[in-house]
Amino acid sequence: MNWAIVIIVSFLYLVLLFILAFWAEKKAESRSLINSPYVYALSLAVYCTAWTFYGSVGRAATSGVDFLLIYVGPTIAAPLWWFILRKIIRIAKVQNISNIADLIATRYGKSISLGVLVTLFSVLGVVPYIALQLKAISESFAIILDEHTTQPIQSASLMAYAFYIVIVLGIFTVLFGTRQLDLNRKNEGIVFAIAFESIFKLIAFLVAGIFVTFFMFDGFSDIFRRANEQEILSHLLKIDTSHLHKPLEWFLVSASSMFAVMFLPRQFQMLVAENKDEKHLQKAIWLFPLYLWLINIFVIPIALAGKLSLNTSIDADAYILALPLAQKNFVIALLVYLGGLAAATSMVIVSTMALSLMLTNNLFIPIALRAKLTNYLKDDSWAKWVLYIRRLSIILVLALAYLYLSFITNVSLVSIGLVSFVAVSQFAPSIIGGLYWKEATGRGATLGILLGFIVWGFTLVLPVLVSNGIFSKQILTHGFLGISWLKPHQLFGLDGIEPIAHALFWSLSFNILAYIGFSIFSVQSSQERNQAEFFVDVLKHGDAYENRLVWRGTAHQKDLENLLIRFLDMPRVEKLMEGFEKRSIKNTLNPQEKKAALVRFAERILANAIGSTSARMLVASVVQEEELSKDEVLKIIQESQELKKLNLELKKADNQKNEFISTVTHELRTPLTSIRSLSEILSDNPDLEEEEKQHFLHTVISETERMERLINQVLDLEKFESGKQKLILNKQELNTIILEALEIYRIVIQEKGFYLEVKLFQQEIWVKADRDRLLQVILNFLSNALKFAEKNIWVESFVESGQAHFCVCDDGKGVPPNLEEAIFEKFFQAENQNIRKPKGSGLGLAISKKIIQYHQGLIGVKRSNHTTKFFFTLPTNL
Amino acid sequence: MLCLRMVKQYLYEVLLSLKIKSFSMKKIAQKVLFVFVFLLFIFNFPMVSTANEALVFGFVPAIVVYIFSFWLLAVIALWLIFRKV
């Protein structure tokens, strides 16, 4: 194909990307385009890189269905996002965490060294992966120009092409990834552009798949039939289970992709840092696996089609592009080329942005602060300085990737991608452990990650260096320093397992053992303990983060304000401090608590600009923190939790009191209004008929009685609740009281036409009880049954396991299972009128509950087989 | 012991996060956990080996049909679980 067309189309595509990003940024001033679960789910498809576009086909053409593990793993993990990622997103929002190094460092006491370690290892693990994306772009460019596809990557024209791509992507990332200092604000332009690229690459892949499957061949069956006919291809249609460790390999590779989809820097950036709403996760949980399903559906047919119809000298990674080219369909070839470009550029942009943030916040700023280089900065130049560092970091990452590209020779997309997967899997124990294990320490995490990476380097990176001639091949054949059990691909004699699974097995084993072992045998600092409590319990009381103040020392408000002014303008700082003051007064903090809250508040604001760990370092330079012992930390946390619990109880009690007063006054007002109106009529109309007068007076009396009843019930309940109520306990025969209650309601039951069945299984049941109170409870049960029964009422009494049982059953609508306890609360029915129309004061069951509790008995309600059963039990041991 | 404690803490949180919400949220979490365990079981050995046979569906190998069918089933199950949340 003509090179000018390819260059112009590529250029136009990149221009379109710039326009879309600009448009999204502009639009965000009025309405955010990325505040949608669909855009969020599509942005996660940055997971599908050039590796998916080209590499999957390559791997399917060489080893069959094994490539699917990279996509099946994230599908298996997707349900877990509901628990793990929801927790991480909430933590990140509260503590202003913007990258994975910040997350790990913050969890382990905002440890600077851990942040540096994670950043360096992330760069080591991901830069080769970025380089491979550049390689894929260059190679696809060469193929579409119909150049020699087996030509080495170092050719000057390809390196020049990669160079221009690096420049354009660098400009794009700098322009849209460093627009603002505030990390809390989302990168609207980049996220929208990535979502667009996800749609574009999917369409391109599907078009290529349909073209190959249905136009070059007669559908799926035709391709598979022809492949089956060739013995050389039949092995691709089955999983090779000939070697012993296949199940372990299968599990390990899918596990690494489960970790990678959450913990690769670019995935973390999109999943957590760019998340606008926690609820978007709910759609992404099924949309993202669906996207993976769609983009993989044609991989095997394309791989087989390539094997069946293309020259064996063509690299299998290039089949998707080579097939339409072989058919002289240049439009589809160009579309596929652009799809590949979209897949690679989205990965390069987001990975570069994520790594540059890690480098800035967790490496360069801490180094500058420690070396006191910042002493030369003016107060108003800090913000600019941070942005410059971010931009330089972007250039550095891309430069490193370009440098790596110029050194590598023939490494396939899949293999280097999996090397990155194993690298980021090393963060999984520290992150997942940190979310669920409070005792995990920074020392354990540091040593775990360090050991994991040493093993990763030894088992995966060293062989690459050997194959590039940097180290002797003897290391592979005879072991490191000639020690046979130190062979990179057969570490400790573990043989017959493919290198990726082998590396993952040993690196994660060492990592986890060190993490757990050193966590057990090391002690947490006060900051670590505090963070551990917050991380593990974030779903319980994440909102109370600012109130959990495990900090002691000296801090001056003016010093902290001066720090904030370096990054924010004066009016904004004043407004923030005003808000802080108001909250302090509202939360009634003592002076020490206020200092601690202020330090935390300043750290949070600064974290928006420079990340959590650098913020802590900067704040530490103007305050004097005292180290707290473990016991002191635990005491403070315990006190704050107890205080929180007490506050909650107080609030609940206060609400109940208010509710109670409101309901009682409401209940009293109704008869009072009626009495007043009728009295006014009687007073204003002395000539009223006698009969009418009598009727009005009768209503006044009845309403007064209703009020009296209510007041008596309220007083009764108050006495029970305050413990002032005295019961006159005597030996009583339960059945006699039941029959007495039934006699009271006999006429009403007959009038209403209910069918009543009474089953008293024992002739006599003796209990120690207050006769009148027990009668009150039974009457209350019967009165409720009469209100709600349809036709039938059953009354039963019996003795079982030393307990006297009494129950009243009816065939009414009943109580929903989740309200079976609430129905015994005061005025329950008054505030649940949608469930039952109120027909009484709403205190009857609450009083009955108290009476039975005073008798050491149990009271409750159950619904089964369309029958509602109100019951109580009383001890029979007199 | 540690693993057991972590699993207990994890399950406790799963249940706690649901307790504060509502009865239906608890149900959702149970369903989500079930889907995860089911997928882990379905997409690993020995289950995948049951489909790793010469059997074909219209010339399409059984293993391909197996993986893509259960994959789609997982998507549908997750969609059904979360559509009303």
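Let's start with confidence across chain B. Among its elements, helix H1 (residues 2-20) of chain B has the lowest mean pLDDT, 54. Helix H4 (residues 62-82) of chain B has the highest, 94. pLDDT is the predictor's confidence in each residue, from 0 to 100. Helices are DSSP runs of H or I, at least four residues, and strands are runs of E, at least two, numbered from the N terminus.

Over residues 17-23 of chain B, pLDDT is below 50. Beyond near neighbours in sequence, that stretch has seven contacts in the model. Contact means heavy atoms within 4.5 Å. The mean pLDDT of chain B is 78, and 67% of its residues reach 70 or more.

Some ground rules. This is a predicted model, where local features need pLDDT of at least 70, side-chain atom pairs count only at pLDDT 80 or more, and totals for chains, interfaces and linings use all residues. Residues are numbered from 1 along each chain as written, chains are lettered from A and ligands numbered from 1 in the order written, and side-chain values use heavy atoms, leaving out hydrogens and water.

The model scores ipTM 0.80 and pTM 0.73.

Next, the fold of chain B. It has four helices and two strands. Along the sequence, the pattern is α-α-α-β-β-α. Of its 85 residues, 45% count as buried. Buried means under 20% relative accessible area, exposed over 50%, partly exposed in between (1.4 Å probe, protein chains only).

Last, one residue in chain A. A:Asn187 lies in the loop between helix H8 (156-177) and helix H9 (188-216) of chain A. Why does A:Asn187 count as buried? Because its relative accessibility is 8%. Leaving aside neighbours within four places in sequence, its contacts include A:Glu25, A:Phe176 and A:Met353.
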